[in-house]
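Hello,

Here is the structure for you to look over. My notes follow below it.

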Amino acid sequence: MLRVTYLSRESDPFTAQALVDLLEHCKRNNPTLGVTGMLMYANGTFLQTLEGETGTVETLLGRIERDSRHRDFQVIKREAVQDRLYENWSMGFERLTQATLQDVPALKAFQLEDFNPEHLSAHPAVVENLLERHRSLHWDPLIREVNARDQFIDELRRALVNARQRNEQALLLIESVIEASAEDRLTDIHLQLCRRMVDTLRQR
Ligand SMILES: Cc1cc2nc3c(=O)[nH]c(=O)nc-3n(C[C@H](O)[C@H](O)[C@H](O)COP(=O)(O)O)c2cc1C
């Protein structure tokens with residue numbers, strides 16, 4: 001398999017509708033080709049990674065390079081790979097803003113206007129950070145919220161299992177006290193057990 005990352009610059013400003021059309025095309029076409037990847041856009045600059053079977057990626061890349069909607073096409077990374085990094089994305093997309101960049105400590109010094117082919121091709125570490133940040137999905141506030149909810153639900157689940165366990169122990173103890181009382185053999189030990197149980201039930 002092959003993974004390729006390239007940079008390019010729009011020929012004419014892309015409208016939001018033109019971006020939507022492009023993405024819709026990618027989402028229709030890439031799954032048929034078995035191609036996955038991501039596309040980042042800002043300042044009229046595209047940064048795209050494509051991955052899939054070598055021949056398929058090479059052919060698609062050739063088509064993309066000839067697309068007159070962009071120019072100054074330059075491949076900045078080409079690697080033979082075993083696994084995909086974007087297996088769930090027919091084409092992940094993000095329009096960068098200064099605010100989203102601020103979320104990433106490694107990109108704090110990076111200004112949005114630096115998102116251009118000259119700067120990016122001269123700073124491979126910045127490109128890596130941008131791609132890594134995109135892959136980790138944390139740039140998306142909605143995904144961050146869903147993750148936080150998942151975590152919250154996990155905590156609730158653990159708390160519920162704990163509460164059930166304590167409940168079960170308390171029930172057992174109460175039953176043993178009732179049994180002892182019915183047989184007229186209540187002792188101090190039962191009182192101590194009751195105290196211990198009260199302490200356990202009070203724990204959070
Ligand atoms: C920045 C950019 C990224 C593109 N990415 C893809 C892509 O991932 N998949 C795809 O099928 N076409 C992509 N295209 C569109 C292709 O360049 C091309 O227009 C499309 O595949 C249709 O090609 P055809 O006219 O030769 O059939 C992209 C175009 C641009 C400008």
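**Notes on the model**

Asparagine 43 sits in the loop between β2 and β3. (Helices, H or I with at least four residues, and strands, E with at least two, are DSSP runs, numbered from the N terminus.) This is a predicted model: local features need pLDDT of at least 70, side-chain atom pairs count only at pLDDT 80 or more, and totals for chains, interfaces and linings use all residues. Residue numbers start from 1 along each chain, as its sequence is written.

**Two positive phi values**

Asparagine 43 is not a glycine, yet its phi is positive, at about 50 degrees. It is partly exposed, with 14 other C-beta atoms within 10 Å. The cut-offs: buried means 20 or more other C-beta atoms within 10 Å of the residue's own, exposed means 12 or fewer, and partly exposed is in between, with C-beta atoms placed from the backbone.

Aspartate 72 also has a positive phi, near 50 degrees, and is a residue other than glycine. Aspartate 72 is in strand β4. It counts as partly exposed, because 15 other C-beta atoms lie within 10 Å.

**The sheet**

Five strands make an open sheet, ordered β4-β1-β3-β2-β5, with mixed pairing. Two strands pair if DSSP finds at least two bridges between them. The edge strands are β4 and β5 (92-95), and each pairs on one side only. From one strand to the next, the twist averages 10 degrees. Axes are lines fitted to C-alpha atoms, for helices over the stretch in contact; angles run from 0 to 180 degrees between N-to-C directions.

The pairings I would look at:

- β1 (residues 2-10) and β3 (residues 45-52) run antiparallel, joined by eight bridges. Threonine 5 is opposite threonine 49 in β3.
- β1 and β4 (residues 70-80) run antiparallel, with eight bridges. Arginine 3 is opposite glutamate 79 in β4.
- β2 (residues 36-42) and β5 pair in the parallel sense, over four bridges. Leucine 39 has phenylalanine 93 in β5 as its bridge partner.

Helix α2 (residues 54-66) lies across β1, β3 and β4, and runs at about 155 degrees to β3. Contact means C-beta atoms, placed from the backbone, within 7 Å.

**Around the ligand**

Sixteen is the number to start from: of the 16 residues around the ligand, Cys26, Asn29, Phe46, Ile64 and Asp67 come nearest. A residue is near a molecule or strand if its C-beta atom, placed from the backbone, lies within 6 Å of it. Two or more shell residues come from each of α1 (16-33), β3 and α2. The largest share, five residues, is from α1. By type, the shell has eight nonpolar, five polar and three charged residues. Nonpolar covers Ala, Val, Leu, Ile, Met, Phe, Trp, Tyr, Cys and Pro; charged covers Asp, Glu, Lys and Arg; the others, Gly among them, are polar.

Histidine 134 lies in helix α5 (residues 124-135). It is buried, with 25 other C-beta atoms within 10 Å. Histidine 134 and methionine 40 are 94 residues apart in sequence, but 8.9 Å apart in space, C-alpha to C-alpha.

Arginine 185 is in the loop between α6 (141-182) and α7. It counts as exposed, with 9 C-beta neighbours inside 10 Å. Arginine 185 and leucine 96 are 89 residues apart in sequence and 75 Å apart in space, C-alpha to C-alpha.

Of the 15 residues of α7, the number buried is zero, so this helix lies largely in the open.

Best regards

Definitions and conventions. Two residues are in contact if their C-beta atoms, placed from the backbone, lie within 7 Å.
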